[in-house]
Amino acid sequence: CACGNEEVTATEPVATDPAGADPIVKDELNMSPEELYGDIDQTKPVDGVYKIWSIVGVEQLAKHPEAKFEVLCHIDLEGATLAPVPEFTGEIDGANWTVKNFTVKGDGENFGFFAVNKGNVHNLTIEDVTFLPGSNAKNIGAWAGINEGKLLRCYANNSTLNVSAAAADAACGALVGTNLGSLGNMGGEVYLEFTAPGAAKVGGLVGVAKGGVNEYLQNDGKVTVTGANKMVGLFAGEATDTVFQTCVWRGEDNSQDGKLFINFTGNPDDDEL
């Protein structure tokens, strides 16, 4: 500078390729999760949080159900079969990513992506999932057999829940079997077909709602129920001491032995809701 009084600030050097040409820039849009996150060990927490970017990370949910997890990207499980995550008490930040293309299969009393959720799960989508509960299943739902925690902004898209056998007096919902906790801003497209014999409580959103909160729930799928001795509702098969607020049924009509149900909660005296 002519006057010589201006402060000179050094600039950080830019990495270049070996030929000394253009700066090296990662093309993250076209890189695989392995290329982006392959240096992250999903079996060990980073600053107390497990990072999930492949099936290895998803499997850690069942191994460390008390821990905190963060999903880093969309994950295609390529047709893998998983057992329900057992009693989950931790936290999952889905960061608005999707885990897709897998089957959940199990023969426990509580059945869903989580057998029982007592934790805090938010901002996560599961997609293209086939749910196959066994004959011992009593509380059945895509997201959780029983929810005692929080499920917030969790979606289940283009998924099927086929119940051909279940325990006596089962509670089955497209999203959650029995809700005792908090459900908020949940929805998706779940196709529930309940053909198991015997009594059951079946709902387009929740099987049985007891004392919990159900806000901003929606299902665009379909619920079909066949057989006698079943309580069927668009929102819930049975609801007691609970709140349903701003819930929407946009799927195909419920049916039981070919008869259309217009009841919202399955309770005979709740048609006016």
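The model is a prediction in which local features require pLDDT of at least 70 and side-chain atom pairs count only at pLDDT 80 or more, whereas totals for chains, interfaces and linings use all residues. Residues are numbered from 1 along each chain as its sequence is written, and side-chain values use heavy atoms, with hydrogens and water left out.

Secondary structure elements are DSSP runs numbered from the N terminus, helices being H or I runs of at least four residues and strands being E runs of at least two. Residues are termed buried under 20% relative accessible area, exposed over 50%, and partly exposed in between (1.4 Å probe, protein chains only).

Aromatic contacts were examined next. A pair of aromatic rings is described by the distance of the centres and the angle of the planes. Rings of Phe, Tyr and Trp (its six-membered ring) are paired if their centres lie within 6.5 Å; planes under 30 degrees apart count as stacked, over 60 as edge-to-face and the rest as tilted. The structure contains nine aromatic pairs. In one of them, the ring centres of Phe 102 and Phe 113 are 6.0 Å apart and the planes meet at 65°, so the arrangement is edge-to-face. This pair links distant parts of the chain, with Phe 102 in strand E4 (residues 91-106) and Phe 113, eleven residues away, in the loop between strand E5 (110-111) and strand E6 (114-117). Phe 102 is buried at 2% relative accessibility, and Phe 113 is likewise buried at 5%.

Phe 111 and Phe 131 also form an edge-to-face pair, with 6.5 Å from centre to centre and 90° between the planes. Because Phe 111 belongs to strand E5 and Phe 131 to strand E7 (residues 120-133), the pair ties together parts that are 20 residues apart in sequence. Both of these phenylalanines, Phe 111 and Phe 131, are buried. One aromatic cluster is formed by Tyr 50, Phe 69, Phe 88, Phe 102, Phe 113, Phe 114 and Trp 143.

Salt bridges provide further links along the chain. A salt bridge is defined as a side-chain nitrogen of Lys or Arg within 4 Å of a carboxyl oxygen of Asp or Glu. Four salt bridges are found in a search of the whole structure. One of them joins Lys 51 and Glu 70, whose closest N and O atoms are 2.6 Å apart. The partners come from distant parts of the chain, Lys 51 in strand E1 (residues 49-52) and Glu 70 in strand E2 (residues 68-71), 19 residues apart. Lys 51 is buried at 18% relative accessibility, whereas Glu 70 is partly exposed at 24%.

A salt bridge also connects Lys 118 with Glu 87, the closest N and O atoms being 3.4 Å apart. Lys 118 lies in the loop between E6 and E7 and Glu 87 in the loop between E3 and E4, so the pair ties together parts that are 31 residues apart in sequence. Lys 118 is partly exposed at 37% relative accessible area, and Glu 87 is partly exposed at 41%.

In the salt bridge between Asp 169 and Lys 201, the closest N and O atoms are 2.8 Å apart. Asp 169 is located in the loop between E10 and strand E11 (170-173) and Lys 201 in strand E14 (residues 200-203), 32 residues apart. Asp 169 is partly exposed at 37%, while Lys 201 is buried at 12%.

Helix H1 (33-37) and strand E3 (75-82) each contribute at least two residues to the negative patch. Glu 78 is located in strand E3 and is exposed, with a relative accessible area of 67%.

Ala 95 occurs in strand E4 and Arg 153 in strand E10 (residues 150-163). Ala 95 is partly exposed at 33%, and Arg 153 is partly exposed at 33%.
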